[in-house]
Amino acid sequence: MDEEALESFARELKAEVEESVNSGAGSIYEEEEFTRIILERLAEEGAVENPVPLWQAGQFGRMKYRITGYSIPEDEERLLLVTTVHTGEVPPRPLTSDEVVGACRQALRFYECSCKGLHEKIEPSNTDASDLARRVFDARDDMHVLRILLLSDGITGLRSFDTKKAADGTRIIVDLFGIERLHRILGEGLGRDDIAIDFGEELGLPLPALRASGTDADYEAYMAAVPGELLASIYEKYGTRLLELNVRAFLGVRGRKSVNAGLRGTIREAPGRFLAYNNGIVATVDDIEVTETAPGLLGIKSVRGLQIVNGGQTTASLHRARRNDRVSLEGISVPAKIIKVGGEHLDEMVSAISRSANSQNTVQPADFSANDSFHVAVEQLANNTWLPDGSGRWFYERARGSYGAAELRASFSAGNKRRFAKETPKARRFSKTDLARYLNAWSGAPHLVSFGTQKNFQYFMQAMKDERPAGFEPDAAWFKDFIAKAILYRSVQSLVRAAKYPAYQANIAAYLVALLAEHHGDQIDLSAIWNRQAISPELCEMIRDWAGEVDTALRRTAGSRMPSEWAKKEGCWTAIRQLEFRVSDPAPPEFVSIPAKVGGRQEAVG
């Protein structure tokens with residue numbers, strides 16, 4: 001690893017944390033801001049599904065526990081608990097074993113205490129930590145995998161520990177995301193870096209394989225037969241993150257959750273013929289280690305960045321057959337084509353392989369790659385649409401890492417570096433998932449935004465494909481209105497964060513923007529926001545008042561449910577959209593007309 005690049009990444013991250021703390025918009029504690037920033041970035045990269053920062057420490061009996069965040073996927077089969085060791089040191093230093101073990105043990109104890117009724121002891125009993133502890137208690141018989149994620153700005157090594165089965169039957173996985181792994185995922189764009197399989201460790205020997213690609217190809221391809229038990233175990237560990245985004249969306253958005261009847265029959269009645277009957281899987285990897293096991297024979301020792309681009313239903317069905325039907329997978333082998341891709345267009349090639357491998361499907365999901373014509377058009381508009389004063393423009397990071405690449409190119413000349421920083425500062429950078437978040441909230445789908453960056457993006461693109469099958473070509477007017485919505489959303493986020501709500505800040509922001517658009521969208525002058533590149537102090541003050549109402553409504557309508565999970569339901573939006581905000585008098589300058597109540601309806605006056 002490049003020590004200079006690692007230290008530079010650590011220094012930039014430290015500066016960002018300190019800037020956030022000093023701004024007063026977030027927590028006054030560096031560890032909390034570090035955790036929030038990292039979880040947001042990991043969610044953007046798809047490395048963690050919809051994480052929620054949550055700081056809770058205490059004692060239950062004689063056991064001390066502590067967590068700094070969590071994530072619970074929809075299936076409730078897995079629980080992710082976050083713990084943080086923040087040193088604030090640059091150059092980064094290695095963490096001691098006591099620091100690592102102590103932090104992970106306290107996170108594990110939160111889980112153990114929750115299973116024993118911690119929610120009844122946390123005071124006050126309605127805190128966000130109590131909600132989580134109650135959720136764990138209620139789902140304790142269904143949660144089979146506990147993943148403890150340690151975040152640190154120190155050096156931990158690229159390590160992961162898997163107990164397979166703990167005393168109570170729970171599989172416990174410890175992932176160390178120290179500064180070097182964070183650099184690989186967030187700095188180098190290797191969002192799948194933690195999905196690593198060591199076949200030598202899992203099987204006791206390398207996975208036998210045949211090389212299927214030529215020596216002059218720009219990729220490597222291998223044919224193999226993967227034991228069904230291992231494939232199910234890998235899926236249990238990583239869940240839908242194992243599936244490439246197009247495949248994940250096809251299974252998730254379309255709702256394919258049952259085990260295929262034909263697959264079930266083969267698994268139960270003819271496991272030895274599974275390889276003959278099943279088409280198998282196609283998978284891509286970012287890195288692969290191959291060894292010669294005997295003269296002329298090859299074996300795959302390990303892979304990193306595994307993504308299944310075809311065969312997602314086969315993989316999920318094996319897992320569910322073992323988990324739900326209690327069927328043995330012994331004797332089942334799954335044919336597999338494993339392809340190593342590389343280079344700067346890695347994500348594009350993975351997506352192309354996925355589309356090609358799934359071309360026989362009757363119902364096609366939308367193209368979730370950066371090459372979709374809509375995203376290309378937005379990038380062109382961003383490059384050619386300058387701010388009203390001509391001082392700069394917004395940067396659309398259509399492909400992962402494209403902003404960093406452009407920044408690097410500009411850095412070769414001092415003049416170009418200063419110009420790039422002035423014209424396209426990081427504050428005016430936005431990604432595909434940002435775009436989907438802003439537009440879905442404004443369009444009245446805050447419940448979809450609450451699913452998190454990746455899943456919300458899937459819904460956004462699928463809806464665009466379904467509603468505009470011929471495609472959509474945005475123009476400059478659309479782009480300026482979109483940027484105004486982006487500025488408004490980001491302003492709401494900052495105001496909600498500055499109010500220091502203990503949890504659910506992302507949900508509050510999404511629902512507040514949706515309510516603003518629902519009740520006043522036709523009265524807000526988006527061109528005024530575009531021209532000013534900011535919202536007015538008057539609108540800021542109104543948003544501060546509304547945020548408290550949204551927070552109260554979210555918790556009240558959730559009842560006994562966890563607010564962050566309730567926020568994902570359309571019923572939540574149905575309930576909260578009934579809220580009506582008082583508009584200040586005089587109205588903020590963004591309002592071109594003031595709504596007045598007449599006979600129970602709103603009419604525009606003035």
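Q: Which residue follows α16, and is its phi positive or negative?
A: α16 is followed by G444, and the phi of G444 is positive, near 90°. Helices here are DSSP runs of H or I with at least four residues, strands are runs of E with at least two, and both are numbered from the N terminus. Before we go on, please note that this is a predicted model, in which local features need pLDDT of at least 70 and side-chain atom pairs count only at pLDDT 80 or more, while totals for chains, interfaces and linings use all residues. Residues are numbered from 1 along each chain as its sequence is written, and side-chain values use heavy atoms, with hydrogens and water left out.

Q: How many helices and strands does the protein chain have, and what percentage of its residues count as buried?
A: Buried means under 20% relative accessible area, exposed means over 50%, and partly exposed lies in between (1.4 Å probe, protein chains only). The protein chain has 24 helices and 18 strands, and 53% of its 606 residues are buried. Its accessible surface is about 27,000 Å², with 48% of that belonging to carbon and sulfur atoms; these areas come from the Shrake-Rupley method with a 1.4 Å probe, and for residues only the protein chains shown count as cover.

Q: What share of the contacts in the protein chain joins residues at least 24 apart?
A: Contact means heavy atoms within 4.5 Å. Among contacts between residues at least 6 apart in sequence, 70% join residues at least 24 apart.

Q: Is helix α16 mostly covered or mostly uncovered?
A: α16, residues 432–442, is mostly covered, with eleven of its eleven residues buried. Among them are K432, D434 and R437, along with L435, L439 and W442.

Q: At what angle do α16 and α19 cross?
A: Axes are lines fitted to C-alpha atoms, for helices over the stretch in contact, and angles run from 0 to 180 degrees between N-to-C directions. The axes of α16 and α19 (residues 476–498) cross at roughly 85° and come within 10 Å. The two helices are therefore roughly perpendicular; that label covers 65 to 115 degrees, with under 35 roughly parallel, over 145 roughly antiparallel and the rest oblique. On the α16 side, the contact residues include L435, Y438 and W442, and on the α19 side they include W478, F482 and Y489. The residues of this contact divide into ten nonpolar, no polar and four charged. Here Ala, Val, Leu, Ile, Met, Phe, Trp, Tyr, Cys and Pro count as nonpolar, Asp, Glu, Lys and Arg as charged, and the others, Gly among them, as polar.

Q: How far apart are the axes of α2 and α5?
A: α2 (residues 30–45) and α5 (residues 179–187) pack with their axes 10 Å apart, at an angle of about 45°. That makes α2 oblique to α5. F34, I38, R41, L42 and E45 of α2 meet L182, I185 and L186 of α5. This contact divides into six nonpolar, no polar and two charged residues.

Q: Why is helix α4 described as largely enclosed?
A: Eight of the eleven residues of α4 (residues 128–138) are buried, so the rest of the structure largely encloses this helix. The buried residues of α4 pack against β1, β2, β3, α3, α22 and α23.

Q: Is K116 buried or exposed?
A: K116 is exposed, with a relative accessible area of 57%. K116 is found in the loop between α3 and α4 and touches F60, M63 and F137, not counting residues up to four places away in sequence.

Q: Is S450 buried or exposed?
A: S450 is buried, at 4% relative accessible area, in the loop between α17 and α18. Its contacts, leaving aside neighbours within four places in sequence, are N50, N507, Y511, A567 and K568.

Q: Is the peptide bond from V90 to P91 cis or trans?
A: Most residues other than glycine have a negative phi, and most peptide bonds are trans. The bond from V90 to P91 is cis, with omega near 0°, and the bond from D585 to P586 is also cis, with omega near 5°. P91 is in the loop between β3 and α3.

Q: What is the phi of K500, and what is that of Q533?
A: K500 has a positive phi of about 60° although it is not a glycine. Q533, also not a glycine, has a positive phi of about 60°. K500 is partly exposed at 44% relative accessible area, and Q533 counts as partly exposed at 22%.
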